[in-house]
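Here's a quick briefing to read with the structure open beside you.

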Amino acid sequence: MSNIMGTPGLDGRFGSFGGRFVPEPLVPACQELEAAFADAWSDESFIAEYRRILREYGGRPTPLTKCGRLSEELGIELYLKREDLAHTGSHKINNVIGQALLTKRMGKRRMIAETGAGQHGVASATAAALLGLECVVFMGEVDTKRQELNVFRMELLGAEVRPVTSGSRTLKDAVNEAMRTWVSEVADTHYCLGSVMGPHPFPWMVREFQRIIGEEASSQIHDFGIDEPDFVVACVGGGSNAAGLFSGFVDSDAVLVGVEAAGGAAISSGTPGVLHGMRSQLIQDDEGQITEAHSISAGLDYPGIGPEHAHLAEIGRARYEQAGDDEVVDALQRLASREGIIPALETAHAVAWVIREAGGEIPLGSKVVLNLSGRGDKDVAQVRAILRGDS
Amino acid sequence: MGAPNLSPTFESLTSQNHTLLIPYVMAGVDDAWIDVVHAVIAAGADAVEIGLPFSDPIIDGPTIQEAGVRSLERGTTAQSVLAQLQRDEFAVPLVVMTYYNVIAHLGHERFAGEAKQAGITGAIVPDLSLEELDGWERVAEDAGIDPVLLVAPSSSPERTKKICARSRGFLYGVARMGVTGERSSMTDELEAVVAKIRAFPSPPVCVGIGVSTPEQAKRVADIADGVIVGSALVRRVLDGEGPDGAGAFVSSLRNAIDA
Ligand SMILES: Cc1ncc(COP(=O)(O)O)c(C=O)c1O
């Protein structure tokens with residue numbers, strides 16, 4: 001086995017990316033977390049508890065579904081890893097159960113989290129409720145309006161939602177605000193980061209908590225008589241669902257494809273830089289000021305990408321492609337009407353790329369595993385407005 | 001046209017038992033920002049922290065965030081600020097304060113070279129932790145710029161010792177666990193962090209984050225070698241008090257410290 005997607009190098013490096021670029025007040029907290037995670041992740045009783053909760057409460061393992069009608073239309077064999085069927089409706093639950101257990105293990109009583117679409121916020125509020133932790137979720141004011149129902153959901157779950165009014169009032173600003181709050185409350189508060197980004201150990205830890213997706217999928221594909229797929233595809237915001245799926249196939253011959261929103265494509269249109277504690281590919285202007293990402297899905301509106309993805313792109317182990325808003329809405333409708341599955345708008349980016357490239361970049365007859373990272377219930381009002389021409 | 005060097009100036013003032021006062025000015029926030037720099041120097045500043053705005057300032061509270069947004073909206077860039085500074089002469093050292101991406105994007109060598117040309121001889125880059133410091137530290141020192149490092153209430157004694165040994169010009173003591181911003185009171189984290197730093201050899205110990213009033217400045221001055229005041233001054237500038245108001249406020253800090 002290669003060491004790709006193994007333990008990161010010194011100070012959390014993935015090649016030249018990653019690291020820990022945080023102000024001194026937060027360095028000890030990151031070191032404490034790194035030690036606590038390393039200890040927990042080699043403790044069988046911790047792993048057993050994490051897996052037990054995901055099984056008895058989280059709905060794991062999630063199925064691998066072979067698409068019948070869409071496969072036939074596209075001339076490929078398409079398999080969906082059904083994270084939409086996990087509790088709270090997306091892969092985010094895998095990460096938050098791990099981090100909430102870690103919060104308790106570190107003796108902290110409170111979690112803070114950032115959220116874009118609201119999925120990570122809902123998942124964090126859920127894990128906090130389950131394990132008896134306080135929870136505060138930072139959400140850009142723009143996103144609280146785009147995802148009103150998720151705000152209410154978090155409140156029902158007992159979390160406090162704090163709208164963020166600084167900067168562009170979206171996901172990147174919610175991360176800034178969560179980090180600022182973490183500085184002053186670090187003694188009893190854990191920052192439950194929602195993707196494979198941020199300072200070391202977050203990119204590594206979150207990938208490990210999402211590894212279960214790839215582990216299940218790489219074994220489930222055998223049930224269909226397939227040794228290994230030709231393509232493994234996932235949408236990429238920060239990159240956690242993609243990292244989780246890729247980790248199960250990185251040592252195979254499968255082509256790994258991450259699909260970014262065209263308006264927030266950190267790998268294709270970004271340059272190296274430092275933001276939110278990590279060195280990665282970022283969307284920034286000529287002066288090194290970070291620019292806003294724009295897409296139809298709040299969950300992909302992030303101007304950066306996890307550092308391990310920047311590394312996988314650099315060494316050529318994964319490819320990063322883009323999907324635009326229009327084809328994403330088409331893809332969502334097509335999957336809904338052909339397979340009876342309404343994907344999240346984030347997820348629909350991966351679906352759109354597969355639909356576009358079937359018979360092109362994806363040769364006919366290819367076996368494709370796609371991470372159905374979340375369900376689209378949260379997005380139906382927005383999609384209706386788009387289809388009616390209201391927005 | 002230049003400004004004095006940070007390290008020798010601070011060493012000599014500290015050896016004369018003079019308490020250092022370092023106000024923070026956000027560059028480019030309005031047309032008069034350079035006049036504000038001159039006004040605070042005339043009012044008794046021993047060095048001026050020149051803030052270069054960044055889109056995502058994670059250790060700054062609402063006041064400095066707003067100043068940064070205003071400055072960026074006016075088209076401020078690192079190079080426009082440095083070019084402006086280069087045209088003037090300053091009687092005290094200038095220390096740049098910015099986030100690492102602004103430096104990394106221009107390139108270590110180019111940033112250090114242009115900053116030095118502009119009279120800058122110290123740099124505070126709060127998101128460049130000890131572990132990430134090597135590359136920038138080497139280039140900065142070669143160019144004659146002192147990397148100023150932070151010790152926080154959360155820093156362990158081992159880290160504190162290492163940071164004290166590597167900081168140049170002065171050591172930035174973080175007075176509380178939190179972001180920049182005005183506070184009505186100070187906690188005893190202040191005394192604790194200074195005591196922790198004093199256990200090790202270091203350049204002059206200057207303390208900031210949350211220091212907002214002359215009384216608070218005095219409390220810091222009683223135990224540290226210097227006082228850093230940011231948001232309380234920046235707010236006055238944002239409120240339109242101009243160079244006169246900024247100078248008057250810095251005078252009041254100076255008087256309290258020297259009393
Ligand atoms: C369903 C779904 N998929 C994907 C993402 C993007 O996150 P990541 O790239 O970390 O998987 C989100 C984020 O909100 C999401 O809700």
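**Pockets, a domain and a helix**

In this predicted model, domain 1 (13–53 + 92–202) and domain 2 (61–90 + 211–387) of chain A each put at least three residues into the lining of the largest pocket. Chain B has a hand in that lining too, through α3 (62–73).

**The largest pocket**

- The space inside the largest pocket comes to about 550 Å³.
- There are 27 lining residues here, and the ones closest to the pocket's centre are A:Ser166, A:Gly167, A:Ser168, B:Ser55 and B:Val69.
- The largest share belongs to α3(B), with 8 residues.
- Sorted by class, the lining has 10 polar, 9 charged and 8 nonpolar residues.

**The second largest pocket**

- The second largest pocket has a volume of about 250 Å³.
- Its lining is made up of 13 residues, and closest to the centre you'll find A:Arg146, A:Gln147, A:Leu149, A:Lys378 and A:Ala381.
- Two or more lining residues come from each of α6 (141–146), α7 (148–156) and α15 (380–387) of chain A.
- With 4 residues, α7(A) gives the most to this lining.
- The class count for the second largest pocket is 7 charged, 3 polar and 3 nonpolar residues.
- Why does the second largest pocket lie between domain 1 and domain 2 of chain A? Both domains give residues to its lining, so that's where it sits.

**The annotated stretch of chain A**

- An unreviewed UniProt entry annotates residues 57–374 of chain A as "domain: Tryptophan synthase beta chain-like PALP".
- Over residues 57–374, chain A is 41% helix and 20% strand.

**Helix α11 of chain B**

- Helix α11 (residues 231–238) of chain B is mostly covered, with 7 of its 8 residues buried.
- Those buried residues are B:Ser231, B:Ala232, B:Leu233, B:Val234, B:Arg236, B:Val237 and B:Leu238.
- What do the buried residues of α11(B) pack against? Their partners in chain B are β1 (20–26), α2 (33–42), α3, β8 (226–229) and α12 (242–258).
- One of those partners, α3 of chain B, is also the element that gives the largest share of the largest pocket's lining.
- After α11(B) comes B:Gly240, which has a positive phi, near 85°.

Terms used: Residues are numbered from 1 along each chain as its sequence is written. Chains are lettered from A and ligands numbered from 1 in the order in which they are written. This is a predicted model: local features need pLDDT of at least 70, side-chain atom pairs count only at pLDDT 80 or more; totals for chains, interfaces and linings use all residues. Side-chain values use heavy atoms; hydrogens and water are left out. UniProt positions are given in the numbering used here, feature names are shortened, and annotations may be inferred rather than shown by experiment. On a 1 Å grid over the protein atoms alone, a cavity is a set of points where a 1.4 Å probe fits but cannot get out, and a pocket is an open set with protein on both sides within 12 Å along at least five of seven lines; lining residues have an atom within 4 Å of a point. Grid points are joined across faces, edges and corners, and a volume is the space filled by probe spheres set on the points. Ala, Val, Leu, Ile, Met, Phe, Trp, Tyr, Cys and Pro count as nonpolar, Asp, Glu, Lys and Arg as charged, and the others, Gly among them, as polar. Domain bounds come from an automatic or database domain assignment. Buried means under 20% relative accessible area, exposed over 50%, partly exposed in between (1.4 Å probe, protein chains only). Contact means heavy atoms within 4.5 Å.
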